[in-house]
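Q: Could you show me how to read the packing of a fold, one feature at a time, taking the general idea before the case?

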Amino acid sequence: MASRRTSGYGPSVSADAAPGSSPEAAIAVHTLTTAAKDLIEGAFPPLWVRGEVSNFKAHRNGHWYFSLKDREAQVNCVIWSSAAKRMPAAPDDGMEVLALGQMTVWPVRGDLQFSVRALEAAGDGLWRKALEQTRLRLEKDGLLDPARKRPLPAFPRRIAVITSPDGAAMHDIITVSRSRSADVELVIIPAKVQGDGAPESLIGAIEQLCRWGDADLLIIGRGGGSREDLWAFNDERVARALAACPVPTVSAVGHEVDVSICDLVADVRAATPSAAAELAVPSRREVVARVDALGKRLAAAAKRREDRAVAALSQVRKRLALAAQRVMERRRAKLETIAGQLHALSPLNTLSRGFAVARTPGGATLSSRSDFATGTPFDLWLRDGIVEATAGGRRPLPEGMLTAPEPMDETPNPTRA
């Protein structure tokens, strides 16, 4: 006969009775839900499930709750906060997603649910949504404004490089920089560029550069990789730290087709790390060639300016000569006019018209009848010579002839011979 055991809370129970097989072997609710949890998790390994998100709710403790449904069924889902932090963005209601998780039971409430570890939207919906949300926030704060972009220094003496010390990006930057100029100093600030902790590592490297404060330029980036590998450079915290950097920045993340949030915030975006080095480090050969070209242009400009000055001086000389000639011609004409006027008033001209002038032997002009006393000797100046004469009788002019006014000075008064 099977042995029996007693309990202070009910009738005795057979030691061979299965748990829950009789009222006497009843089990606790927690035992039931825990057993269901173990049973379901053992029966369903982690698997991918496709469905449409419905009734999404983000709890203040960081957990996400929603349902996955199709036309015929739905299942409750949960994403614990530890997993939610690794996802680019929360899904939207109605978004078709692929969820990696495991069927389980929440023992506290006995609810059947799908515990999601990873979530992907059909296509790249979640990644695109996360990027767009971050971009809009940064744009609202003016961090994407082209007006805040700073030019790169033409001749940097020291360039800081934030990247992985083990990646190909660092090797490419060093190789290209050395081939262009050996005078530029490169300072590597190592940082983690992918995976957990990468955003914090990049932010720490940027803050280290800010505290140091002795670089002319910053290159930040990494080589190519998957979308997940590059995601640290889409972190909003990294972008804000880069925007606050006191020196001009060049972002070189992935390959040419990859565009990150850091690319949008940086002063200059380079397609690759090698391209970043080409932008940042001036080529010695190119600088020498540019100086030579500028020297030739300067010499040519000076020659053209000299030629223009010589031509202008020649024109000025011609204009001055022409102006002087015109002045001389005007003065000559004026002098000729005055000379003509003087000639018209000249006594010699008067004499040439048949008049004569009486003068004393001493040269004084005799212009009045009273100057001629009887027997007074005088000289009679004619057109072609002088006649010595002696005054005889005197008589007035015939009536009807005008008498010349008395002279105001000693100007000779011509007398008809």
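**Reading helices, sheets and rings**

Q: With which hand does α4 pass α8?
A: A crossing is left-handed if the near helix is turned anticlockwise from the far one by less than a right angle, and right-handed if clockwise; here, α4 passes α8 in a right-handed crossing. This is a predicted model, in which local features need pLDDT of at least 70 and side-chain atom pairs count only at pLDDT 80 or more, while totals for chains, interfaces and linings use all residues. Residues are numbered from 1 along each chain as its sequence is written, and side-chain values use heavy atoms, with hydrogens and water left out.

Q: What describes two packed helices?
A: Two packed helices are described by the angle between their axes and the distance between the axes. The axes are lines fitted to C-alpha atoms, for helices over the stretch in contact, with angles from 0 to 180 degrees between N-to-C directions. For helix α4 (residues 168-180) and α8, the axes come within 8 Å and cross at roughly 30°. Angles under 35 degrees count as roughly parallel, over 145 as roughly antiparallel, 65 to 115 as roughly perpendicular and the rest as oblique; α4 and α8 are therefore roughly parallel to each other. On the α4 side the contact (heavy atoms within 4.5 Å) is made by Ala169, Asp172, Ile173, Val176, Ser177 and Arg180, and on the α8 side by Pro273, Ser274, Ala277 and Glu278.

Q: How many helices and strands does the protein chain have?
A: Helices (H or I, at least four residues) and strands (E, at least two) are DSSP runs, numbered from the N terminus, and the protein chain comes to 10 helices and 16 strands.

Q: In what order do the strands of the open sheet lie?
A: Strands pair if DSSP finds at least two bridges between them. The open sheet has five strands in the order β9-β8-β10-β11-β12, with parallel pairing. Its edge strands, each pairing on one side only, are β9 (185-190) and β12 (268-269). Strand β11 (residues 249-253) pairs with β12 in the parallel sense over two bridges, and Val250 has Val268 of β12 as its bridge partner. Helix α5 (residues 198-212) packs on this sheet, where it touches β8 (158-163), β9 and β10 (217-222), with a direction that makes about 160° with that of β8. Helix α8 (residues 273-280) lies across β8, β10, β11 and β12 and runs at about 170° to β10.

Q: Which strands make up the closed barrel?
A: The closed barrel consists of five strands, β3-β4-β5-β7-β6, with mixed pairing, and neighbouring strands are turned by 50° against each other on average, direction ignored. Strand β3 (residues 47-58) pairs with strand β6 (residues 96-106) in the antiparallel sense over six bridges, with Leu98 of β6 as the bridge partner of Arg50. The antiparallel pairing of β4 (residues 64-69) and β5 (residues 74-79) also runs over six bridges; these two strands form a hairpin with four residues between them. By contrast, β5 and β7 pair in the parallel sense over two bridges, and Ser115 of β7 is the bridge partner of Val78. Helix α1 (residues 29-43) lies across β6 and β7 (111-121), at about 135° to β6.

Q: How many aromatic pairs does the structure hold?
A: Rings of Phe, Tyr and Trp (its six-membered ring) pair if their centres lie within 6.5 Å, and planes under 30 degrees apart count as stacked, over 60 as edge-to-face and the rest as tilted. The structure holds three aromatic pairs. Phe56 and Trp64 have ring centres 5.6 Å apart and planes at 70°, so this pair is edge-to-face; Phe56 and Trp64 are both buried. Phe372 and Phe378 form an edge-to-face pair, with 5.0 Å centre to centre and 85° between the planes, and these two residues are buried as well. Ring pairs also link Phe56, Trp64 and Phe66 into a cluster, and Phe66 has Cys77 of β5 as its bridge partner.

Key:
Buried means under 20% relative accessible area, exposed over 50%, partly exposed in between (1.4 Å probe, protein chains only).
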